[in-house]
Amino acid sequence: AAAIRLQSVFRVRRSRKAYRLLLDNQRQEQIRTAAIRVQTTFRGRKTRKAFALLLEDQRRGRNEAAAIRLQSVFRVRRSRKAYRLLLDNQRQEQIRTAAIRVQTTFRGRKTRKAFALLLEDQRRGRNEAAAIRLQ
């Protein structure tokens, strides 16, 4: 009865922990989605403002200045995109390295366990052989 009660309490705690993790993940996803919306709105507004300035410059006959401003906007956008790609590549490399570490640890543990079992079997074999010689 005590073991059943203990198992029940353990299962309840494990379920609550899993539920809390699920809620945390959902909250993080909502925050990420909201941040993306804010960023998208900001970028759109910034682009519309740059385009409005371009149109204004064209109306005033400043085609050269408008072209320079437009080129500047696109260069900045291109460099930021390259920087984001660089960060993403670094993040992926970190994840790959972490996965390799986990795999290495698991394989090493598995090998050490198999080796320990092999040594144990050899010891048992020697003990059994000695016991047979004594009889």
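Predicted model: local features only at pLDDT ≥ 70, side-chain atom pairs only at ≥ 80, totals over all residues.
A helix, as the term is used here, is a DSSP run of H or I that spans at least four residues, and helices are numbered from the N terminus.

Within helix α2, arginine 91 and aspartate 88 lie 3 residues apart, about one turn of the helix. These two residues form a salt bridge, in which the closest N and O atoms are 3.1 Å apart. Arginine 91 has a relative accessible area of 47% and is therefore partly exposed. Aspartate 88, at 34% relative accessibility, likewise counts as partly exposed. The assignment follows because the partly exposed class lies between the buried limit of under 20% and the exposed limit of over 50%.

Helix α2 also contains glutamate 120 and arginine 123, which are separated by about one helical turn because they stand 3 residues apart. A salt bridge joins glutamate 120 to arginine 123, with 3.5 Å between the closest N and O atoms. Glutamate 120 is partly exposed, its relative accessible area being 31%, and arginine 123 is placed in the partly exposed class at 47%.

Attention now turns to helix α1. Arginine 27 and aspartate 24 both belong to this helix and are 3 residues apart, about one turn. Their side chains meet in a salt bridge with an N to O distance of 3.1 Å. Since arginine 27 has 48% relative accessibility, it counts as partly exposed; aspartate 24 counts as partly exposed at 35%.

Across the whole structure, a search finds 5 salt bridges. Those described above are among them: arginine 27 with aspartate 24, arginine 91 with aspartate 88, and glutamate 120 with arginine 123.

The remaining topic is the largest pocket. The space in this pocket amounts to about 350 Å³. Its lining consists of 13 residues, and those nearest the centre of the pocket are Lys46, Val73, Val76, Arg77 and Arg80. Sorted by class, the lining of the largest pocket comprises 6 charged, 5 nonpolar and 2 polar residues.

Conventions:
Residues numbered from 1 in each chain as written. Heavy atoms only, no water. 1 Å grid on protein atoms, 1.4 Å probe; cavity = no way out; pocket = protein on both sides within 12 Å on 5 of 7 lines; lining within 4 Å. Points joined across faces, edges and corners; volume = space filled by probe spheres on them. Nonpolar A, V, L, I, M, F, W, Y, C, P; charged D, E, K, R; others polar. Salt bridge = Lys/Arg side-chain N within 4 Å of Asp/Glu carboxyl O. Helix = DSSP H or I, 4+ residues; strand = E, 2+ residues; numbered from the N terminus. Buried < 20%, exposed > 50% of the residue type's maximum accessible area, 1.4 Å probe, protein only.
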